[in-house]
Amino acid sequence: MIRLRSNWRNLSVLTWDLACVGLAILLANFTRFDGVIPVQYIVPLKHQLMFGLPVYLVTFLVFGVNKGIWRYSSVGDLWRILKAIAISNGLTVLAMFIFKHTAGLELLSRSVLFLTSVYLLMFMGGSRLIARLVSEHRWFRIHPARNVVIYGAGRDGQRLLREIRQRRQLGMEVLCFLDDNPGLKNRLINGVQIRGSLEILQQLLEEQIVDEVLVGIPHLKKDRFRRIVEICEGAGILCRTLPSLAESTNKKLGISQLRPISVEDLLGRDAVVLDTQLIDSFIHNKTVLVTGAGGSIGSELCRQVLMCKPKQLILLDQCEFHLYQIEKQLANHQASQIVGKLGDVKDAQSMEQLFACYRPHVVFHAAAYKHVPMLEDNPAEGVLNNVLGTQVISVLASRFGAEKFVLVSTDKAVNPVSVMGASKRVAEIYCQNLDSQSSTAFITTRFGNVLGSTGSVVPLFQEQIANGGPVTVTHPNVVRFFMTISEAVGLILQAGAMGSGGEIFVLDMGEPLRIKHLAEQMIRLSGFEIDRDVEIQYTGLRAGEKLFEELFHEHEGLRGTEHSKLLLADARKVEPEWLKQQLTVLIQKSRESDAQALMKQLQVIVPEYHSVNYHLTGMVKTSHQHYSNIVSFPQDIAEHGT
């Protein structure tokens, strides 16, 4: 039925277009001869119709002139009509040349051909234009209009306007544009006025009935986002925005992709500029292994790595469901071979088989246990996964000749008070010291919380708000560093591309955010009032948590790099034989599940570690003496991973 309906519509349009051809030929001849066609030109007129109609029929079919939807007619449709007319005229002239002595076409003048083209363009183009105007005009709208204001008069804002006018079922009417470019004020876009900058939005909302504000700028600065939300919240109206190109797979952003403003829009930072050429040369046509590929950071690493077209991408994860999810998300990517592998980074034999089979050029080690309170209750598992797992993967990367190994670390590794932070600090120490005795470049990236990651407060707050509250905050003064997952991963790739080995890259996290403020923003974005609709409750700091986090240790000598968002911390070296011995003890205590001894051993290796969950008495007071500039390492690096 759908095919029959489509064929019938195409046939009807084709019949109309051919009728326009006949009418245009007649009017052209009448115009040429001032309304009275001489007798000797009647035969050429008949022959013009006889030759012209088949020629136009063929060209219309070739160029698909009859397939366009009139209410969506555009410049592209007009261009197809022009090409069809030009080709038809050329073929008609050719026919005149061939048959002029036998068919009487020598009397057909060029002015008649020109006038025929003009009339035909008027009839065919005009009919389509009228259909579009009728479809877009508000007088013909079926649904009552919802008045909207579009902020941003650029290409994407103009596309929103066109789609709103074309899709009558939306029932929307654009009142005006707003744009911060002062040169555009009071100018018109398709009849819609640009009233001024964002600063007049509040006045506009008071003057006119506005149902919604649409943000037509995919990369809007965060301070502008906050101002828009503040105004819209005060007026009680809806606000939606286009996603950034990083969020969207479609570069032509349209009204179907509009989404409510999220906490990431308000609390993230402005877009980070990356050296894409350097990152591409780092990844392109290489075999890349991502451990923890199903996690928040790991999965985004996989997506961004694929944009650089690696030869092969190996996805390693211990969780069957997470591996299934990321494989499914990447299934349509044809440019690179994608291999999913179930495995435990602590299993040296299994990991050795994986490295021997694929021999990755680049390793991103994102596999780790990260939930702070959970690791306080399960310290042995946390140390085995975060320390032993890192040992196994890093040693194998060195043994099998990987070019670079990038460790994904955390700000909780700085002056740690939790098992999670201390175990990640041990992993940092191990990788930085391993770098000096390996041809593999070992690079550490350190950053804070990412918005929306697994275990983050953002999804927890969203769930609590959806359930009507209360929203639980540990302490009114607790602050954390935040960045978006996409931004963090982009900077991890940038650091991996820039690093030559031995560096600790610290991501510039901007200003820390008070978690109380985050909860308040999320409640307001959900359309609720704090305390009246959703209450905030304070539960107290959990085991292993601090009021604030730090990104570098006071003795690490933080300094800048050529990238404004990446800082460099000096790695603190330790005596390799001593480190080997202490790690052996640490792994042994972890396997024995002796939590008290394990905590003490963590502090031996990381003297600045102070657990608030255990009483660490009788510590080795001389642990600091093992931190030195000695960088020698045993030749048989492989034994450290066993």
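The open sheet I wish to begin with has 5 strands in the order S2-S1-S5-S6-S7, and its pairing is mixed. Strands here are DSSP runs of type E with at least two residues, helices are runs of type H or I with at least four, and both are numbered from the N terminus. Two strands count as paired if DSSP finds at least two bridges between them. At the edges of the sheet are strand S2 (172–178) and strand S7 (259–260), each pairing on one side only.

This is a predicted model, in which local features need pLDDT of at least 70 and side-chain atom pairs count only at pLDDT 80 or more, while totals for chains, interfaces and linings use all residues. Residues are numbered from 1 along each chain as its sequence is written, and side-chain values use heavy atoms, with hydrogens and water left out.

Within the sheet, strand S1 (residues 146–151) and strand S5 (residues 212–215) run parallel, paired over 4 bridges. Val 148 has Glu 212 in S5 as its bridge partner.

Two helices accompany these strands. Helix H5 (residues 155–166) lies across S1, S2 and S5, at about 160 degrees to S2. Helix H7 (residues 222–235) lies across S1, S5 and strand S6 (238–241), and runs at about 170 degrees to S5. For these angles, axes are lines fitted to C-alpha atoms, for helices over the stretch in contact (heavy atoms within 4.5 Å); the angles run from 0 to 180 degrees between N-to-C directions.

I turn now to the aromatic residues. How many aromatic pairs does a search of the whole structure find? There are 4, where a pair requires ring centres of Phe, Tyr or Trp (its six-membered ring) within 6.5 Å, and planes under 30 degrees apart count as stacked, over 60 as edge-to-face and the rest as tilted. One of them joins Phe 282 and Phe 364, edge-to-face, at 6.0 Å centre to centre with 75 degrees between the planes. Phe 282 belongs to helix H9 (residues 276–283) and Phe 364 to strand S11 (residues 362–365), 82 residues apart. Both Phe 282 and Phe 364 are buried (under 20% relative accessible area, with exposed over 50% and partly exposed in between, 1.4 Å probe, protein chains only).

Phe 405 and Phe 442 form a tilted pair, 5.2 Å centre to centre and 45 degrees between the planes. Because Phe 405 lies in strand S12 (residues 404–408) and Phe 442 in strand S13 (residues 441–446), this pair ties together parts 37 residues apart in sequence. Phe 405 and Phe 442 are likewise buried.

Finally, the chain as a whole has 20 helices and 22 strands, and buried residues make up 52% of its 642 residues.
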